[in-house]
Amino acid sequence: MGWEGLRKKNKPEDLPNINFHKLREKSFEIFRYLQHRNSSNHRGTYCLNMLRLFWVFIGLVAFFSTGWATELSTWEDSIRHMDRDTFVVHEVSVVSSVSGKYQAGTKQLEITETQLNTVGGGNLTDLLSRYTPIYVKSDAGGLSTIRIRGTSPDHTSIFFGGLNINSLTLGQSNASNIPVNLFDDVYIQLGSSSAENGSGSIGGSIRLGIHRNWTEGFRLDAYGEAGSFGRNNETVKLYAGNGKWELVTRFRHFGLKNDFPFLNLASPDFESDKGYSEDIQRFAAVKNYDFVQEAAYRFSEKSYVEAKLWIANNRHQAQPTMPANISASLQPEEYQDKSTRIWTEYRNEQGKVRYHIGAGGVMDNAVNAMVDTQSIKTKRFVTEAEIEQNFNLNGGYKAGAKYKRISPEVYAYASGYIEEHLDVYASVYQQFFHRLKVSLNLRQQWVTAFNAPFTPSLGTDYLLLNRSHSYVKVLGNISRSYRIPTFNDRFWIPGGNPDLKPENGLNYELGTRYAYCSNALAVNVGVQFFYHDVENWLQWKLGNKGYWEASNELHVISKGIEFTSDATYTVSRNLTLKSGLNYTFNQALRVASQSQSDVINSQLEYVPEHIGNLWVEAAYNKFGVMADGAFTGDRTYNQVGGTLDAYTLVNASVFYKMNVKSVAMRYFAAVQNIFNVSYQNQFLYAMPGRSFRVGVRLQFNNKS
Amino acid sequence: MKTVSKIILSLSVIALFASSCKKENNGGGEVGFGNCYILNYGSYENTPSSISQYDTEKDILTNNAYEAINSVAMTSNVQYAYEYDGNIYFMGNVADQVFFVNKETLEQTKNGITADIVKPRYCVGSGNYLYISCWGGKIWDDVSLSYIAKFNITTNAVEKKIALPGGPEGLAIANGKLYAALNYDNKVAVMDLANETFTYIETPGVNSYFLKDKKENLYVSMVSTWGAPNPEAGLGYINTQTDEITAKYALEGISSDYSSIMQFSPDESSIYVVGTDGSWPPVGGIKEFDVASGTFTRDIVSGVTGIKAVGVNPVTGDVYCFIAENTTAAGKMVIYNEGGDSITSHNTGITPSMALFVSE
């Protein structure tokens, strides 16, 4: 069950046929179960053991990191982006702790700066839908969920620093609440990465990157846009520093009234045969605020400490469906998600053994329909430590431990539950004969009174052809993945089940990558086959108790082919052309189910078999023009033949750049859905037709 | 193509009527039941309702019958369907509306009525009026919102909203009074149809639906809900002369679902009730209540995951068991004879919630 279902499942419509006495007995049973798990002795011992293990690891970090100076830094570090499908070379350090060299054989995408600029004040949904072969199920602005390779929304982990920011109660993030232009880059891994990232990353992971610029002086980056249907966005980034220390403040406001016209398919006219009536979307407004504060100090070129704070306050009205939109009695239903995320980290890369230690926390508070008594709060404290060392120029390892302490405060849970997680992981890579790279990742997680599986992954890159301007690689990866059931899955009363098993997956990938690079032309082409076999797939279903229950319901096999490509052609000093083409064919089949009514070997709902996009960009002197089109294939929304039609959306934008003294200005105008296509991404949810945006980005004293 | 399918379905409806008339005449009854429509609730706010048409004679079930006739799908999650005055009236939620179709052709020729209709639940007819229980909004937050809509079937308009706090669900008319089972209060409301004033019958817990017997007395389902436990859940028997509960028949696990949870057998000697056996975890089934002895005598079916509703064929007495394991896949209808033997089963639309046997 998705975000919407969980949020609504306290409504009486969804809670029929309840035997209260038995339910209460069950809730006490769950509570006793939890009490047993949390009994002071038991919990104390468990807690002590996990913490002890973690501190043992810290001690090892300290031991290894003393006195081993080395200048070893592999060529892998410097060109790690070359292994991704979009070439982006940063001259600054990337804070997101990701290192592609340990993830041989996997598919990684990085979004270009132009693409980030084009999406502008939009959110992660806009970005992924337009430029990646990833399907995002969304309404018109308030709620969207990411579905990578046919997996469910809680199979994609989203990271900020060392924090997985997915909701602990729902296991997923609302992609509509994640701004794009607040961050410096967005890095996407397609396919399982549980061995690298832990529970949940069955379908993939997304990292929101922040760069350390080590600003000297002051710098201001301001962005503003206004658009159709009450859209407005203001983003300000203020950088200050002296090269030694750096303070960065980022603020974003996004507002959307969302009062767009649409053809209401829920209003057939039976009396005059006039077809359907025009309607105006009501009560679908969005208002988001985000504030990020960073402070960093570097002790030397290769060691620094930093702290990042991200406060998000997102309010959206739950968009009424088309039928609801015509109800005279319709009232707005508002949801608020407040999150505070903080991450501090010390990073030292000057010794033979490089290491970092970090600590932080996330406090989430989701309020349903602004009813204070139904708040859903979770707090988590996270700390991690990691060491990394190169054996030689062609190989290295890293090892780390991560500890989490989680305390939920949810109106529908028995109170007093605290959960701890301890992850210990190690990764190693080695390159052989300058052609074959092999990486191995191992991870074991311990969760309070829950058995998490041992999670390995093994990947290879083989350089099949190597010419002066091009290469061909063959990639392969096999990995195990898993997801611990969310807190709602286990503890929601009624329906949660503490005895659920973790979702358990095996993932196989095989692909090839071609790259060509000359003075004028750079081309990347990648083809990747994937096969994900996930057992104990969790779903909420209407059980024999008359209410919704979490259940290890399905066995799903998701398989397909991804094609990604991009090209940059420098026609002349003043003219550059860029383009990209992505396509995914994905069959996500329900191959077995606990429910007899499920249709076996049928495509999962809201997984298009075909999805693709094409973008082209031309920049001439200070002018630029960009166009993109995204195709989304048919999707079923139930198992009785309900299908949403395929659609193609085409967008275009132009920009003009100019410099006035130390101010760089970039003006733009954009039109979305040029052909005013009427479509549904989610059944019965209206989507906006043609819309416009204009805006400007100003960069004062830009030295980066 | 749509026209052709419309014609074919219309002809099949007519043919079905013809064949069932014959059957009824042979059986000697005065009223024939030529058609069985199954209301599939769908999935709240996700998939609107649909109608399945079941040919009881040929054992053929056709899904999406409404859509085939009207060329468009339903646009509401229908809570209840009611045959009255040659039409079938539907109580639609999201979009909130009352709409109706010709009971023989399933064709809708009038737009749904939305004015003064907010979360309609159930209805019962008397003369030119339908009395419609309406929750009026988020009844779970504010029990004062609910009301009875007095709907004129000739003008197709709500003539009057009669305030009735407490979330009226099931309705029945007996002895010149309208009975409303309150689902958010421990009462049955009784409205004198002449002056439209209320009196109340106290009940041990909240209530959901009625069955009216030949004596014009009522069985009421007294249920436990998540927010309102009921230590005396089961059936209550209301004497409509005195407006008192004269008997209670405990059934701890009686379904509190918003669907057809109880039905009389054709001769009213039994009541089939959707319920559980009281164990943990509860297992759903259909229990037979023997009216004469006032006891639950046997399970027609038990151990059913996702049991939703029960229907009874008024001619054959066959018991229709409706099952909905989840809200994205087809539901199921399993038919048992009075002896409890499974006769046939069919896939339905999503969440089958009631059977409507349409009279001639």
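Me: Which residues lie nearest the centre of the second largest cavity?
Reply: They are Asp126(A), Gln672(A), Tyr679(A), Met687(A) and Pro688(A), out of 39 lining residues. A cavity is a set of points, on a 1 Å grid over the protein atoms alone, where a 1.4 Å probe fits but cannot get out, and lining residues have an atom within 4 Å of a point. Please note that this is a predicted model, in which local features need pLDDT of at least 70 and side-chain atom pairs count only at pLDDT 80 or more, while totals for chains, interfaces and linings use all residues. Residues are numbered from 1 along each chain as its sequence is written, chains are lettered from A in the order in which they are written, and side-chain values use heavy atoms, without hydrogens and water.

Me: What volume does that second largest cavity have?
Reply: The volume is about 750 Å³, taken as the space filled by probe spheres set on the points.

Me: Which element gives the most to its lining?
Reply: Helix α6(A) does, with four residues. Helices (H or I, at least four residues) and strands (E, at least two) are DSSP runs.

Me: Is α6(A) mostly covered or mostly uncovered?
Reply: Mostly covered: of the eight residues in α6 (124-131) of chain A, six are buried, meaning under 20% relative accessible area with a 1.4 Å probe, protein chains only. Among them are Leu124(A), Leu127(A) and Tyr131(A).

Me: What happens at the start of α6(A)?
Reply: There, Asn123(A) places a side-chain oxygen within 3.0 Å of the backbone nitrogen of Thr125(A). Thr125(A) is itself buried.

Me: Changing topic, in what order do the four strands of the open sheet in chain B run?
Reply: The order is β23-β24-β25-β26, with antiparallel pairing; two strands pair if DSSP finds at least two bridges between them. Because β23 (307-312) and β26 (342-347) of chain B are at the edges with a single partner strand each, one side of each has no neighbour in the sheet.

Me: How many bridges join β25 and β26 of chain B?
Reply: Five bridges, in the antiparallel sense. In one of these strands, β26(B), Asn347(B) is the bridge partner of Lys332(B).

Conventions: Buried means under 20% relative accessible area, exposed over 50%, partly exposed in between (1.4 Å probe, protein chains only). A polar contact is a pair of N or O atoms within 3.5 Å; within protein, one must be able to donate a hydrogen and the other to accept it, and residues adjacent in sequence count only if both atoms are side-chain atoms. On a 1 Å grid over the protein atoms alone, a cavity is a set of points where a 1.4 Å probe fits but cannot get out, and a pocket is an open set with protein on both sides within 12 Å along at least five of seven lines; lining residues have an atom within 4 Å of a point.
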